[in-house]
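Dear colleague,

I am passing on the structure below, followed by an account of what a computed analysis found in it. Please read the text with the model open beside you.

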Amino acid sequence: MLPASQLWLIPALPLVAAAIGAAAPRTARRLPVFLALAAITGSLLLSVVALVGALAAPAAKLTANFTWFVAGSTAVRLGWLLDPLGALMSVMVCAVSVLVFIFSIAYLRADPRLGRFFTCLSLFVAAMLGLLVANSLLLLLLCWELVGLASYLLIGFWFDRPSAAAAAKKAFVITRLGDLGFLLGLLWLFQATGSSLFYDGGAGVLEAGALERLAATVLPGGWTAATGIGLLLFAGAVGKSGQFPLHVWLPDAMEGPTPVSALIHAATMVAAGVFLVARVFPLMAADQGLAAVPVHALTAVAVVGSITALLGAVLAVAQTDMKRVLAYSTVSQLGYMMLAVGVGAWVAAVFHLITHACFKALLFLGSGSVIHAAHHEQDSRRLGGLAGRMRFTYVTFLLGTGALVGLPLVFSGFWSKEAILHAAELWPVSHLPFVAGLTGVVLTAFYMTRLVCETFLGRPRGEGAEHAHESPRVMTLPLAVLAVASVAAGWIGTPAWPWLQSRLTGAPVAAQAWSDGLGLMLFSTVLVGVGIAAGWWMYGRRPRVDARALDPLAQRWPRVFAALAARLWFDELYAATLGRLLRGAAALAAWLERWVWGGVVGLTGRVAETTGEVNRAIDEDGLNTGFDRASDGLRRTAQQYSRAQTGDVQGYLRAVVVGLAVLALLLIWGGVR
Amino acid sequence: MSPLHVCLALSAALFCTGLVAVLVRGNAILVLLGVELMLNAANLNFIAFWRFGPGGGEVGLVFVLFSIAVAAAEAAVGMALVIAVHRHLRTIRVAAANRLKG
C-alpha cells in the first residue's frame, strides 16, 4: 500500500535517471540505458502497489497536499492524488514504457547518441507520470510542459535531418497554441476559486462547492465560468491530443525514431490530453443542467472529437508511409476518445485509451520491426512479401490490426469501441458522434486491411524488403507481450462484467442485459466486415507488383485520392493564413525599423553632420593653425590606447570581471559600512 | 548552514558556472546560455532573500517575475543577434566577430 504522500516516488525515479543520464559523460553509453530501465521498472512496481491501494477504496480520493509558497495572502498549493483513474493510467504508462525501452535497446543499438536517447525517454515518462499523479492543475501544467519539451527533444532526436528538426519545431509550436488556452483556463480557475487543487477535502476545484459556484457565475450571452474554463482547458487537450484543427503536428512527429512514435502515440503525450479532459470531467460537465448556455463544454468536445475521428480515418486511407497510416489512425482513435468524453462516457474514453495504448504500441513497434529489418524503408509501396520473411512480426501485427479494427468478441478494441458507440447512440443532443463513429469503423477496417496487404502480402518490391529477416529476440519479446495485452485488455470492461467501469466511477455498475446493445454490436461487426472485404478486394486479391503502380483508389478516383494524399492541404492552408500573417507582421516590423526608426536615426545623424560641417568651417578658417601640433600628440596617444580595443567581446568581459573583482576586494578590505 | 546560506552558496556556484561559460566558451549560443545562468543565479538570490529575509510583502517575488520576463526578451534579442552574426560571418564563434577592433 502506497500512501498518497509517497506517490511522488513514481515520477521521481525516472526523473532521477534522466538527471544522472544527462550529467553522465558521453562515453558512458550504457549507464543511461541501465538507469532508465531500472527506474521505469521500479516505477511500474510502485504503480502496481498504488493501483492495488486505489482499488481497495475506489470512491475515495486519497490526497496529500502541501503548500508550495505563500505570496501575501495567496497560498499556492500542490499535491498528489491517488485514485483508480490515475493509478490505472500510470500502470499502463509504465508497462508500455518498459516494453518500448526494451525494444529501443535493439532498435538504436548502433546509434552513437544512445545515452541521450534514453535520458530523454526517461524525462518523457517521468513528466507523464507526474501528470498522472498530480492533484493540482498547476502541477499538471508543469508536467504537461515537460512532456512537450521531452517530445520536442525526441521527435528531433535525429536533428541533423532537416525534416526531423522541422517536425520537432512544428510539434512544439502547435501544441503550444493549445497550451495558451490551458494556461488561460488555469488562471481563470485560480482567480475564480482561489485554488488549483482538484480535491482538497471539499475545497478543491472538482468538488461540489466550487463547481456550483462556477456554474452559477453567469457571463454575458448566457455563458458560465464553468463553460469558459472547460473550453479553455479543452483547447490545451486539443493541441496535445492532436484533435482537429491542431492535428497537423502528429503525423509529422513520425520523424522521430519509431520507439518514440510508439511512446507518443500510445502511452505518453497524446494520452495526456484525453487524461486531462477525463480528470476535469466534473468541471466540464458542471454546465450540463443549464439551458441558457449556448454551447455546453461537453458538446464542443463531442463535436471536435467526431470531426477528428472521421478526418483522421479519411486521411489514413491515402497514405503510403507505414507510420503515417498509423499516425492518422491515432488521430482518428483519439477523436473517438474525445467523442466519448463529450457524450459523457469518460469511463469508456479511458477504457479505449488503455486498450488503444496496448494495440497502438504493438502496431508501432511492429512497424519499427519492419523498418529495422527492411533497412529503414517505410514506404509500404516498396515493401511487400514480408509475411513469410518476418512471420512473428506479421502475426503480432495482425493481432494488433484485429484489435484496432475491432474484430468482435475476442479483441480488446472491440469492447472499448463498442462502449463508445453505445454511449454515442444514446446521446440526446445530436447523432453526429454516432454517425461519425460508425463511418470511422468502416474506414478503419479498410485502411488497416490496405496497410497489411501492401506491407506483408505479395512480392518484395524493394531492396530493403528482399533482404528482410526477422528481428532479434529483444525486439520480438515486447511484441509478444503487447499482442497478448491487445487481445486481453478488453476483458476488464465488457458489458457482461463491467469491472473497469465500476472501479473508475467508484460505484458498482450493473452488468448490461444480454439483449441490450446486441443489435449495435452486430451492426458494427457487419461494418467491420464491409471495411475488411473492401480492403481485401482492392488490395489483397491481386497484391501490388510494381512499387510505382498507381493505387487502385487513385485509378478510380484520382482527384479524391490526390486530395487525401495531400492531407487535404491543411499544412498549406496554415502556411497561407497564419504563416503569411506572421510573415506580414515581420515585414511590417522590418519596414518600421528601416524607414521610421531608421529615418529618425538618419535625420539625427544628418543634423549632427551639418553641425559638424559648420564647426569645421569655423575651425579651419579661424582656429586651425595653433592646434595642429597638439592634435598630433593626441592622435599618437590615442593609437596607443586603441590597441586595447581588440574587438574581442570576451576580452572586454574579462577586463570587466577583473575590474569587478578588484572593486569587490577593495570594498571588503576597505570596509563597507 | 541556514537555508539562506545554502541558497546563496548555490546561487554563487551557479553564477560562477555561468561566468566561466561566458568567458571561456567560443560558441555564441553557449555564451548566451552562460548569461542565462548568471541571470538565474541573481533570480535565486532575489527569491532567497524574499523567502528567508526579514522584510515581508511580495516585492522580491514580483521582481523575479519581472526579471524572468526581461530575461526572456533578452534571450530573444540575443538569439536574433547570433543569427545576424551568422548571416554576416557564416560562423557563430565569438572571436570571429571582432570588426570593431581599433
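Contact here means heavy atoms within 4.5 Å. By that criterion, 14 residues of chain A are in contact with 15 residues of chain B. Before going further, please note that this is a predicted model, in which local features need pLDDT of at least 70 and side-chain atom pairs count only at pLDDT 80 or more, whereas totals for chains, interfaces and linings use all residues. Residues are numbered from 1 along each chain as its sequence is written, chains are lettered from A and ligands numbered from 1 in the order in which they are written, and side-chain values use heavy atoms, with hydrogens and water left out.

The interface

Buried area is the accessible area (1.4 Å probe) that two parts lose on being put together, summed over both. Between chain A and chain B this area is about 1,100 Å², with carbon and sulfur atoms giving 64% of it. Gly647(A), Gln650(A) and Val657(A) supply 37% of the area that chain A buries against chain B, more than any other three residues.

Helices (H or I, at least four residues) and strands (E, at least two) are DSSP runs, numbered from the N terminus. On the side of chain A that touches chain B, the elements giving two or more residues are β1 (62-71) and α27 (649-670) of chain A, and the largest share, five residues, comes from α27(A). The residues of that side divide into six nonpolar, six polar and two charged, where Ala, Val, Leu, Ile, Met, Phe, Trp, Tyr, Cys and Pro count as nonpolar, Asp, Glu, Lys and Arg as charged, and the others, Gly among them, as polar.

Chain A as a whole

Chain A holds 27 helices and two strands, and its C-alpha trace spans about 115 × 65 × 55 Å along the principal axes. Buried means under 20% relative accessible area, exposed over 50%, and partly exposed in between (1.4 Å probe, protein chains only); of the 673 residues of chain A, 53% count as buried. Among contacts in chain A between residues at least 6 apart in sequence, 77% join residues at least 24 apart.

Ser486(A) lies in helix α21 (residues 473-488) of chain A and is buried at 0% relative accessibility. Leaving aside neighbours within four places in sequence, Ser486(A) is in contact with Cys358(A), Phe359(A), Leu362(A), Ala403(A), Phe411(A) and Ser412(A). By contrast, Leu603(A), in helix α26 (residues 570-642) of chain A, counts as exposed at 59% relative accessibility.

Cysteines

A disulfide is a pair of cysteine sulfur atoms within 2.5 Å, and the count over all chains is zero. Cys358(A) is in no disulfide, the nearest cysteine sulfur, that of Cys94(A), being 13 Å away; Cys358(A) is itself buried, with a relative accessible area of 10%. Cys16(B) is likewise in no disulfide, the nearest cysteine sulfur, that of Cys7(B), being 16 Å away, and Cys16(B) is partly exposed at 43% relative accessible area.

Salt bridges

Over all chains, the search finds 10 salt bridges. One of them joins the side chains of Arg176(A) and Glu145(A) (2.9 Å, N to O), which sit in helices α6 (residues 162-193) and α5 (residues 137-155) of chain A respectively, 31 residues apart. Glu145(A), Arg176(A) and Asp179(A) are linked in a network of salt bridges.

Arg324(A) and Asp252(A) also meet in a salt bridge (3.6 Å, N to O), linking helix α14 (residues 322-342) with helix α9 (residues 249-252) of chain A across 72 residues. Arg324(A) is buried, with a relative accessible area of 17%, and Asp252(A) is buried at 14% relative accessibility.

With best regards

Methods. Salt bridge = Lys/Arg side-chain N within 4 Å of Asp/Glu carboxyl O.
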